[in-house]
Amino acid sequence: MASVLLREIHEELVAIKIDSDVQKLRDELFAQRKCLGCGKDIDVRERRRKGQCSACYQAALRNIKAKKVSARRLVREGKWMDEVRKGRPPTNAFTKYLAEL
Ligand SMILES: [Zn+2]
């Protein structure tokens, strides 16, 4: 379990090279709220994780844990967002205060 965690942390730290065409397609799908796995529309009320719908995210996670595929490979193939998209930056003193909690 600890080795899996370490590997995941390591993968977060190491920059992953991604082809610019793959990245462009991934960003387009992400902007259109389409799942990076199956390509179906993700409703705004549905939770999106790593750019995927719930079914794809759960399947990807299962396969990553079973070592059938690595998160790094999914990122390289444009099927897994490698970064957390942050919301709007804090704009006033109160939201800055909240952001720093
Ligand atoms: Zn999907």
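Which residues is Trp80 in contact with, once its neighbours within four places in sequence are left aside? In this predicted model, the contacts of Trp80 beyond that range are Leu36, Lys50, Gly51, Ala60, Ala71, Leu74 and Val75.

## Overall fold and confidence

The protein chain contains five helices and zero strands, so that, by the assignment of DSSP runs, its pattern along the sequence reads α-α-α-α-α. Of its 101 residues, 17% count as buried, and pairs of residues 24 or more positions apart account for 38% of the contacts with a separation of 6 or more.

The mean pLDDT of the protein chain is 84, with 80% of its residues reaching 70 or more. Confidence is lowest in helix α1 (residues 2-13), where the mean is 55, and highest in α3, where it is 96. Where pLDDT is low, the predicted coordinates should not be read in detail.

## The nonpolar core

Trp80 also belongs to the largest nonpolar core, which has 11 residues: Cys35, Leu36, Ile42, Cys53, Cys56, Ala60, Ile64, Ala71, Leu74, Val75 and Trp80. At least two residues of this core are supplied by α3 (54-65), and at least two by α4 (71-76).

Helix α3 has 12 residues and reaches 16 Å from its first C-alpha to its last, close to the 16 Å expected at 1.5 Å a residue. Its buried residues are Cys56, Ala60 and Ile64. Seen down the axis of α3, these buried residues fall within an arc of 65 degrees, so they line one face of the helix. An α-helix has 3.6 residues a turn, so residues three or four places apart point the same way.

The other side of α3 carries the exposed residues Ala55, Gln58, Arg62 and Lys65, while what covers the buried residues of α3 includes α4. After α3 comes Lys67, whose phi is positive, near 60 degrees.

## Helix α2 and the loop that follows

Helix α2 (residues 20-31) likewise has 12 residues, and its reach from first C-alpha to last is 16 Å, close to the 16 Å expected at 1.5 Å a residue. Just after α2, Arg33 takes a positive phi of about 55 degrees. Arg33 lies in the loop between α2 and α3, and it counts as partly exposed because it has 15 C-beta neighbours inside 10 Å. Not counting residues up to four places away in sequence, Arg33 touches Asp41, Ile42 and Val44; the C-alpha atoms of Arg33 and Val44, which are 11 residues apart along the chain, are separated by 7.8 Å.

Lys40 is found in the loop between α2 and α3 as well. Is Lys40 buried or exposed? Lys40 is exposed, because 12 other C-beta atoms lie within 10 Å and a residue with 12 or fewer is classed in that way. Lys40 and Gln52, which are 12 residues apart in sequence, are 9.3 Å apart in space, C-alpha to C-alpha.

Methods: Residues are numbered from 1 along each chain as its sequence is written. This is a predicted model: local features need pLDDT of at least 70, side-chain atom pairs count only at pLDDT 80 or more; totals for chains, interfaces and linings use all residues. Helices (H or I, at least four residues) and strands (E, at least two) are DSSP runs, numbered from the N terminus. The expected span of a helix is 1.5 Å times one less than its number of residues. A nonpolar core is a set of buried Ala, Val, Leu, Ile, Met, Phe, Trp, Tyr and Cys residues joined through C-beta atoms within 7 Å. A residue is buried if 20 or more other C-beta atoms lie within 10 Å of its own, exposed if 12 or fewer, and partly exposed in between; C-beta atoms are placed from the backbone. Two residues are in contact if their C-beta atoms, placed from the backbone, lie within 7 Å. pLDDT is the predictor's confidence in each residue, from 0 to 100. The arc is that of the directions from the helix axis to the C-beta atoms.
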